[in-house]
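Subject: Structure handover

Hi,

Here is the structure I promised to pass on. Please open it next to this email and follow along.

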Amino acid sequence: MGKSADMTKPQLDPYEHAFHLDPYPRYRAIREEDPVHFVQDHGFWLFTTWDDVRNAFRDFRTFSNANLVALEANAEASLPYPSFINTDPPHHTEVRRLFSPLMTPEALAPLEAFIRDRTRQLMVPHLASGRIDLVADLACFLPMDVISNMTGIPPKDRDRVRGWADDLILREDKQEGLSQRNIDGYMNLASYFEEFATGHAANSTGEGLLAVILKAEREGVMTHPEVIGALILLAIAGNETTTKLIGNIAYRLWEHPDQRQLVIDEPKRIADAVEETLRLDGSSQIIARRVAKDVEVQGKMLHAGDKVGLCIISANRDKSRCPAGEIFDITKPTRDHMAFGFGLHSCLGAALARLEARVVLEEIIKNIPDYNVEVSGLEMAHNPNVRGYSRMPVTFPPRTG
Ligand code: HEM
């Protein structure tokens with residue numbers, strides 16, 4: 001494929017900050033005009049319709065996840081710890097089934113009290129001032145605190161671990177490929193977890209997340225580098241995505257006062273607002289795969305070795321699947337979306353993310369239902385995959401007493 005772009009087709013640059021502000025009109029144009037689109041300047045295919053994305057998730061023999069598939073060219077060489085998300089069956093199946101029982105809604109239910117207490121602890125100090133940053137003062141702490149509790153990362157280390165995860169994710173405008181800061185963030189996480197795993201080797205007999213991982217190494221199911229890779233994956237996969245989802249829900253409800261009123265009147269609809277935001281504005285946008293054997297999709301010939309970006313949020317908005325796909329409507333929620341992927345690699349943390357988002361939103365709606373987003377203070381986090389805000393200041397009448 002040549003580098004010169006065909007200007008008659010809609011273009012997309014996932015590394016451009018301006019694109020992250022509102023990628024949806026562009027996704028739609030591509031979906032309608034050139035649904036299997038070759039992003040010439042960056043050398044990957046973008047799948048944008050429900051059926052193509054769904055089929056690719058199903059067919060791991062053609063669309064493989066092995067060997068760290070990432071859109072960014074140097075990721076594969078720069079991140080040396082293998083992680084089970086980047087493996088295919090049978091190994092993936094063997095490792096994933098170790099974690100699945102710990103991540104069901106039933107297994108996670110006892111965490112609800114912790115999430116609620118921690119949310120209140122973070123919110124209360126701001127109530128008298130009439131101002132809080134819903135992302136920087138609140139949502140950015142919760143996911144890391146929760147996953148740290150599950151893996152045993154002590155409170156004194158959590159800011160550092162979150163900082164390294166942030167370093168890994170952050171992208172400068174038009175940055176294509178990982179920067180030294182991204183790689184340093186990853187390597188700092190790796191050295192931390194090397195020491196952490198050594199220090200906890202004796203814990204491999206319990207039932208929790210850490211014990212399961214360490215036991216898998218002891219029994220030869222996972223190699224040592226895979227153990228470190230799994231700890232890094234858990235620290236990053238659930239952190240930025242859930243933080244950004246919480247911000248996106250708060251933003252969409254503020255943008256649609258009628259729908260905010262619905263959740264104020266009937267808080268049990270908050271779960272519907274979570275689901276509808278996941279569908280329409282989920283924090284994970286494009287998931288990478290590598291073509292394992294030549295295949296034709298919608299008349300385009302893809303060759304073994306080509307990279308594909310599965311644009312899950314475009315698929316969720318496809319009108320062949322969801323007639324009012326571009327409209328935020330919590331009265332028509334569906335769980336039949338691909339915000340958490342689909343099939344073999346579908347998100348292991350989906351129940352946890354839903355629980356965290358629901359509880360945090362319940363506390364926001366209970367304590368400051370009248371929050372007003374200060375648009376001039378909004379800041380976006382920039383990454384070709386994760387979409388959401390890094391700052392979302394809101395104001396409300398100060399609470400007294
Ligand atoms: C809103 C929050 C989240 C979103 C939008 C999200 C999205 C996704 C998506 C799209 C995938 C599929 C990747 C693929 O097919 O290659 C995935 C996989 C995964 N996610 Fe999440 N995620 C979220 C939260 C979490 C949380 C809280 C955790 C863990 C604590 C987590 C852990 C994982 C893991 C371990 C995988 C890999 C599963 C596998 O390969 O079998 N995620 N996530």
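Start with one definition: two residues are in contact if their C-beta atoms, placed from the backbone, lie within 7 Å. Now count contacts between residues at least 6 apart in sequence: 71% of them join residues at least 24 apart.

Two ground rules. This is a predicted model, in which local features need pLDDT of at least 70, side-chain atom pairs count only at pLDDT 80 or more, and totals for chains, interfaces and linings use all residues. Residues are numbered from 1 along each chain as its sequence is written.

**Confidence**

pLDDT is the predictor's confidence in each residue, from 0 to 100. The mean for the protein is 91, and 95% of its residues reach 70 or more. Residues 1-5 fall below 50. Beyond near neighbours in sequence, that stretch has nine contacts in the model. Where pLDDT is low, the predicted coordinates should not be read in detail.

**Overall form**

The C-alpha atoms fill a box of roughly 65 × 55 × 35 Å, taken along the principal axes. The radius of gyration, taken over C-alpha atoms, is compared with a globule rule: 2.2 Å times the number of residues to the power 0.38. For 401 residues a compact globule would come near 21 Å, and the protein agrees because it has 21 Å.

Helices (H or I, at least four residues) and strands (E, at least two) are DSSP runs, numbered from the N terminus. The protein has 18 helices and 12 strands.

**The sheet**

Two strands pair if DSSP finds at least two bridges between them. Five strands form an open sheet in the order S1-S2-S8-S5-S3, with mixed pairing. Strands S1 (36-39) and S3 (63-64) are at the edges, and each pairs on one side only. S5 (residues 286-291) and S8 (residues 307-311) run antiparallel and are joined by five bridges. Ile286 has Cys311 in S8 as its bridge partner.

Elsewhere, S10 (residues 379-381) and S11 (residues 388-391) pair antiparallel over three bridges. They form a hairpin with six residues between them. In this pair, Glu379 stands opposite Arg391.

**The core**

A residue is buried if 20 or more other C-beta atoms lie within 10 Å of its own, exposed if 12 or fewer, and partly exposed in between; C-beta atoms are placed from the backbone. Buried residues make up 43% of the 401.

A nonpolar core is a set of buried Ala, Val, Leu, Ile, Met, Phe, Trp, Tyr and Cys residues joined through C-beta atoms within 7 Å. The largest one has 97 residues, and Val53, Leu231, Leu310 and Cys311 touch the most other members. Helix H13 (residues 224-237) gives the most to this core, with 10 residues. Leaving aside neighbours within four places in sequence, Leu231 is in contact with Thr151, Phe193, Ala197 and Ile213.

Most residues other than glycine have a negative phi, and most peptide bonds are trans. Which peptide bond is cis, with omega near 5°? The bond from Pro89 to Pro90. Pro90 is in the loop between helices H4 (75-78) and H5 (91-99).

Lys174 has a positive phi, near 65°. Its place is the loop between H10 (155-169) and H11 (180-199). Lys174 counts as exposed because it has 11 C-beta neighbours inside 10 Å.

Gln298 also has a positive phi, near 50°. The loop between S6 (295-297) and S7 (300-302) holds Gln298. With 12 other C-beta atoms within 10 Å, Gln298 is exposed.

Best wishes
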